[in-house]
Amino acid sequence: MNDTPVLRGVEARVDGVQTRDGAGVRLTRVLGASLQRRLDPFLMLDAFASDDPDDYIAGFPDHPHRGFETITYMVAGRMLHRDSAGHEGLLEAGGMQWMTAGRGVVHSEIPQQESGRMEGFQLWLNLPAAAKMSQPWYRDFSAAELPRLRTAHGAEAVVLAGSCHGVQGAVTRDATAPLILDLHLDPGSRFELPLPAAHNALLYVYRGEVEIGGQGVAQRTMAVLDNRGDALRIDAPQGARALLVAGQPLGEPIAQYGPFVMNTEQEIYQAVNDFRAGRLGG
Ligand code: MN
């Protein structure tokens, strides 16, 4: 046994790509198609943050998904979700919505405000091949329902998924073991946790900046963490807020066409056909 954990370092820093999606929502695609294999089991991470209603007001009207899960976390603002499986939920500041598209849902995500700040994230988590055609599932969690932990070193973590320092998060998944933490780091704070080397991991800094292994990670930057250690240490000399996302890779083929993520082209044709025939959210 080695008493000293080997710390994971920063392999790459990524700014993401400015784009619009849905009916014109302005966002930064931090994790896109080119990083899907590197960050398996995560397929996408979008960050949105704006005080200008023109950037978000149109929202995401009815659209389909199949083959993965979407996790939406709101920092500021309110968004209403409705889907073809009969789920409806109002997502408010500090809350999380977890939707398993499975074999298919058609849903809408519409802002419930005409002014003020809208800020948050949407993360796509892949499903193992055996679960891609599973029953859709949905749950929303208010800020008060999300487990939190506070360390002696001035760090607080909202445990959205997985477990950390003995605190079980809101959602757990066996196949991909996702760990999703919203970190609130006071100035001068440090946050440490074990992180299995085989699990792919990223940190997106959305306020302030942090240091990992002596390397700075600036605001609105994603650090892709290397897989050479089994623990992570984050320092925040000036304070920061960041999303830590880690999970066990599936190692399965990824076939994506827009909102459908399957394992083969044939399954993608099937998804498109099912959607056109009205069978996807049926
Ligand atoms: Mn969607």
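Modeller: Let's start with two residues: His107 and Glu109 are both buried, meaning under 20% relative accessible area, with exposed over 50% and partly exposed in between (1.4 Å probe, protein chains only). This is a predicted model, where local features need pLDDT of at least 70, side-chain atom pairs count only at pLDDT 80 or more, and totals for chains, interfaces and linings use all residues. Residues are numbered from 1 along each chain as its sequence is written, and side-chain values use heavy atoms, leaving out hydrogens and water.

Biologist: Which residues coordinate the manganese ion?

Modeller: Donors are N, O and S atoms within 2.8 Å of the metal (3.2 Å for Na, K and Ca); water is not among the atoms, so sites may look incomplete. Here they come from His63 (NE2), His65 (NE2), His107 (NE2) and Glu109 (OE), at 2.1 to 2.7 Å. Along the chain their spacing reads H-x1-H-x41-H-x1-E.

Biologist: And helix 1: where do its buried residues lie?

Modeller: An α-helix has 3.6 residues a turn, so residues three or four places apart point the same way. Helices are DSSP runs (H or I, at least four residues), numbered from the N terminus. In helix 1, Ile268, Ala271, Val272 and Asp274 are buried. Seen down the axis, the buried residues fall within an arc of 165 degrees (taken from the directions from the helix axis to the C-beta atoms), so they line one face of helix 1. Gln266 and Arg276, on the other side, are exposed.

Biologist: What follows helix 1?

Modeller: Just after it comes Gly278, with a positive phi of about 75 degrees.

Methods
Helix = DSSP H or I, 4+ residues; strand = E, 2+ residues; numbered from the N terminus.
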